[in-house]
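Here is a short briefing on one protein model. Please look at the fold first, then read the points by topic.

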Amino acid sequence: MPKIGIAEDDPKISELLKSALEENDYQVLTVANGTDALELFLGQNFNLFIIDVMMPGLNGIQLCKHIRKNTVQTPILMLTAIGTIDDKVTGLEAGADDYLVKPFHLKELLARVAALLRRQPTVTTQTDSKLYFEDLVLDTYSKEVSRGGKTIELSAKEFILLELFMHNPNRLLSRQFIAEQAWDISFETGTNVIDVYINFLRKKIEKGFERKLIHTKINMGYILK
């Protein structure tokens with residue numbers, strides 16, 4: 001039974017989420033502020049965190065940053081009452097894997113939860129766990145990435161994206177394909193979340209290196225070459 005931690009200060013929303021998730025066979029623990037959430041989330045093993053942005057104590061963005069600073073790669077679904085691109089990007093930069101704008105339909109929330117929970121670590125052996133592309137190395141076993149011998153720290157979503165590219169070198173990947181493989185959702189033409197994450201990934205694997213690896217094909221997608 002997957003274990004989900006919820007940090008939400010609105011008791012009605014918290015209870016609604018808990019009830020809906022438990023009806024779908026999830027184990028759920030809830031807290032009402034970011035400070036208590038940090039202690040709970042770092043003290044136990046969870047499969048997913050659902051975090052509200054506006055909370056007393058640590059807010060959702062601060063909580064997300066603290067979780068990632070402690071190298072916890074558990075998927076995070078951020079809840080926000082503000083749906084502007086800047087607010088969404090702020091959450092993604094803090095380490096969130098997905099976001100949902102209030103008010104939301106429970107059906108959509110359950111679909112996003114299921115998609116994030118499918119992001120389970122690949123079972124592999126240390127002998128065949130490394131992927132190589134030029135001077136870029138990705139280890140699916142240890143979840144470590146390096147380029148030219150330099151360690152690169154990636155978020156869970158950035159790691160998934162890079163692994164997707166390295167399994168498909170020199171192949172043009174459409175935004176729809178990336179959305180289906182990395183998010184398990186149909187591509188929405190009105191969203192730029194994929195482009196935002198690609199830019200995050202580019203900055204990390206290309207910073208300090210003259211040779212660029214991820215290239216854009218306008219109106220077509222992206223390619224690792």
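**A strand pair to start from**

Strands β3 and β4 pair in the parallel sense, over 4 bridges. Pairing requires that DSSP finds at least two bridges between two strands. Helices (H or I, at least four residues) and strands (E, at least two) are DSSP runs, numbered from the N terminus. The model is predicted: local features need pLDDT of at least 70, side-chain atom pairs count only at pLDDT 80 or more, and totals for chains, interfaces and linings use all residues. Residues are numbered from 1 along each chain as its sequence is written, and side-chain values use heavy atoms, with hydrogens and water left out.

**Strand β4 and its partners**

- Ile 51 has Met 78 of β4 as its bridge partner.
- Strand β4 (residues 76-80) also pairs with β5, in the parallel sense and over 4 bridges.
- In that pairing, Leu 77 stands opposite Asp 98 in β5.
- Of the 5 residues of β4, 5 are buried, so the strand is largely enclosed by the rest of the structure.
- Buried means under 20% relative accessible area, exposed over 50%, and partly exposed in between (1.4 Å probe, protein chains only).
- In a regular strand the side chains alternate between the two faces of the sheet.
- In β4, Ile 76, Met 78 and Thr 80 point one way, Leu 77 and Leu 79 point the other way, and all are buried.

**The parallel sheet**

- An open sheet of 5 strands runs in the order β2-β1-β3-β4-β5, with parallel pairing.
- β2 (27-31) and β5 (98-101) stand at the edges with a single partner strand each, so one side of each is left without a neighbour in the sheet.
- Direction ignored, neighbouring strands of this sheet are turned by 20° against each other on average.
- Axes are lines fitted to C-alpha atoms, for helices over the stretch in contact, and angles run from 0 to 180 degrees between N-to-C directions.
- Helix α1 (residues 11-23) lies across β1 (3-7), β2, β3 (48-52) and β4, at about 170° to β2.
- Helix α5 (residues 106-117) lies across β1, β3, β4 and β5, at about 175° to β5.

**The antiparallel sheet**

- An open sheet of 4 strands has the order β6-β7-β8-β9 and antiparallel pairing.
- Its edges are β6 (130-133) and β9 (150-152), each with a single partner strand, so one side of each is left without a neighbour in the sheet.
- From one strand to the next, the twist averages 25°.
- β7 (residues 136-139) and β8 (residues 144-147) pair in the antiparallel sense over 4 bridges.
- Asp 139 stands opposite Glu 144 in β8.
- Helix α6 (residues 156-167) lies across β6, β7 and β8 and runs at about 115° to β7.

**Nonpolar cores**

- A nonpolar core is a set of buried Ala, Val, Leu, Ile, Met, Phe, Trp, Tyr and Cys residues joined through side-chain atoms within 4.5 Å.
- The largest has 54 residues, and those with the most contacts inside it are Phe 41, Ile 51, Leu 63, Leu 162, Phe 165 and Ile 178.
- Helix α8 (residues 193-206) gives the largest share of this core, 8 residues.
- Apart from this core lies another, of 17 residues, including Ile 4, Tyr 26, Val 28 and Ile 50.
- Beyond four places in sequence, the contacts of Ile 51 include Phe 41, Leu 63 and Met 78.
- Contact means heavy atoms within 4.5 Å.

**Helices α3 and α4**

- The axes of α3 (residues 60-69) and α4 (residues 85-94) come within 8 Å and cross at roughly 25°.
- That makes α3 roughly parallel to α4 (angles under 35 degrees count as roughly parallel, over 145 as roughly antiparallel, 65 to 115 as roughly perpendicular and the rest as oblique).
- Ile 61, Cys 64, Lys 65 and Arg 68 of α3 meet Thr 90, Gly 91 and Ala 94 of α4.

**Two single residues**

- Ser 155 sits in the loop between β9 and α6.
- At 13% relative accessibility, Ser 155 counts as buried.
- Ser 155 is in contact with Gln 73, Tyr 197 and Lys 204, leaving aside neighbours within four places in sequence.
- Leu 42 belongs to helix α2 (residues 34-43).
- At 36% relative accessibility, Leu 42 counts as partly exposed.
- Leu 42 touches Asn 70 and Val 72, not counting residues up to four places away in sequence.
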